[in-house]
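Subject: Structure for you to look at, with notes

Dear colleague,

I am handing over the structure that I have been going through, and I would be grateful if you could read the notes below with it open beside you.

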Amino acid sequence: MRLFIAINLSPEMKAALTDAQRTMYNRGVRGSFTPAENLHLTLAFIGEYPDADAVMDALSGVVFTPFALRLDGVGRFGDLWWAGLQDSAALTAVVRRVRRALAESGIPFDRKRFAPHITLLRKASRDAAGITVAPASMTVRTISLLSSRRGRNGMIYTEIGTLEADSVL
Ligand code: 2AM
């Protein structure tokens, strides 16, 4: 099973992201646009790992309170274009806790430095510079363990489990 831990995005956030994708398309940019149902923010990429229960056990020890995410600009890694997020100490902290919990449970994950991004488009046919994204925001109340597999028409992500934020009094 190919596993990763991510935040699923609110409908408002997805609307802002699909608007940006539409603008790219209307300006003649072609490529592999992430379908709305697949838009997410990855916190930790585990990759092939057989034991989803062990991952959920590790995650269950992570404590966080609801926090805000806000879109902030568009950027690229080569021909992959993404939407960025406003700097958030709460997001950085929760990623650190998730990754520490995985490490302490001996669950492997990609140790590359966390670069918060939501992939909008892969294999862009040309430069999408100058395209902006509305500064939509959401409150994160759950973190998800997702599995990914290649379907006939692209990747299929399935939620395997969720971790809820602690309630704030
Ligand atoms: P990406 O969108 O930048 O490709 C599922 O593949 C999710 O895990 C995607 O959000 C992907 O980010 C992310 N991811 C992070 N590290 C990865 C890696 N080493 N291999 C594949 N996907 C990775």
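What follows is an account of what was found, from the overall fold down to single residues.

Please keep in mind throughout that this is a predicted model. The secondary structure of the protein comes to 3 helices and 9 strands, and from the N terminus on these elements follow one another in the order β-α-β-β-α-β-β-α-β-β-β-β. The radius of gyration is 16 Å, which is close to the 15 Å that the globule rule gives for 169 residues, so the protein is as compact as a globular protein of that length. Along its principal axes, the C-alpha trace spans about 45 × 40 × 25 Å. Buried residues account for 45% of the 169 residues, and among contacts between residues at least 6 apart in sequence, 78% join residues that are at least 24 apart.

Turning to the strands, 4 of them form an open sheet in the order β3-β1-β8-β9, with antiparallel pairing. The edges of this sheet are taken by β3 (40-48) and β9 (154-164), each of which has a single partner strand, so that one side of each is left without a neighbour in the sheet. Direction ignored, neighbouring strands of the sheet are turned by 25° against each other on average. Within the sheet, β8 (residues 142-151) pairs with β9 in the antiparallel sense over 10 bridges, and one of the residues to look at here is G151, whose bridge partner in β9 is G154. Helix α3 lies across β1, β3 and β8, and runs at about 15° to β3.

A further antiparallel pairing joins β4 and β7 over 4 bridges, in which A68 has T139 of β7 as its bridge partner.

If its neighbours within four places in sequence are left aside, I5 is in contact with L41, T42, L43, A44, I46, V55, L59, V98, L102, I143, S144 and L145.

Another residue that I looked at is S10, which is placed in the loop between β1 (2-8) and α1 (11-26). S10 has a relative accessibility of 13% and therefore counts as buried, the limit being under 20%.

Side chains of opposite charge can pair when their charged atoms come close. In this model the count comes to 3 salt bridges.

- D19 and R22 meet through their side chains at 2.9 Å, N to O; both lie in helix α1, 3 residues apart, which is about one turn of the helix. D19 is partly exposed at 44% relative accessibility, and R22 is likewise partly exposed, with a relative accessible area of 46%.
- R76 and D127 form a salt bridge at 3.2 Å, N to O. This pair links distant parts of the chain, with R76 in strand β4 (residues 67-77) and D127 in the loop between β6 (117-122) and β7 (137-140), 51 residues apart. R76 is partly exposed, with a relative accessible area of 42%, and D127 counts as partly exposed at 42% relative accessibility.
- D110 and K112 are joined by a salt bridge at 3.0 Å, N to O. D110 counts as partly exposed at 30% relative accessibility, whereas K112, at 59%, counts as exposed.

How values were computed: Residues are numbered from 1 along each chain as its sequence is written. This is a predicted model: local features need pLDDT of at least 70, side-chain atom pairs count only at pLDDT 80 or more; totals for chains, interfaces and linings use all residues. Side-chain values use heavy atoms; hydrogens and water are left out. Helices (H or I, at least four residues) and strands (E, at least two) are DSSP runs, numbered from the N terminus. Buried means under 20% relative accessible area, exposed over 50%, partly exposed in between (1.4 Å probe, protein chains only). Contact means heavy atoms within 4.5 Å. Two strands pair if DSSP finds at least two bridges between them. Axes are lines fitted to C-alpha atoms, for helices over the stretch in contact, and angles run from 0 to 180 degrees between N-to-C directions. A salt bridge is a side-chain nitrogen of Lys or Arg within 4 Å of a carboxyl oxygen of Asp or Glu. The radius of gyration is taken over C-alpha atoms; the globule rule is 2.2 Å times the number of residues to the power 0.38.
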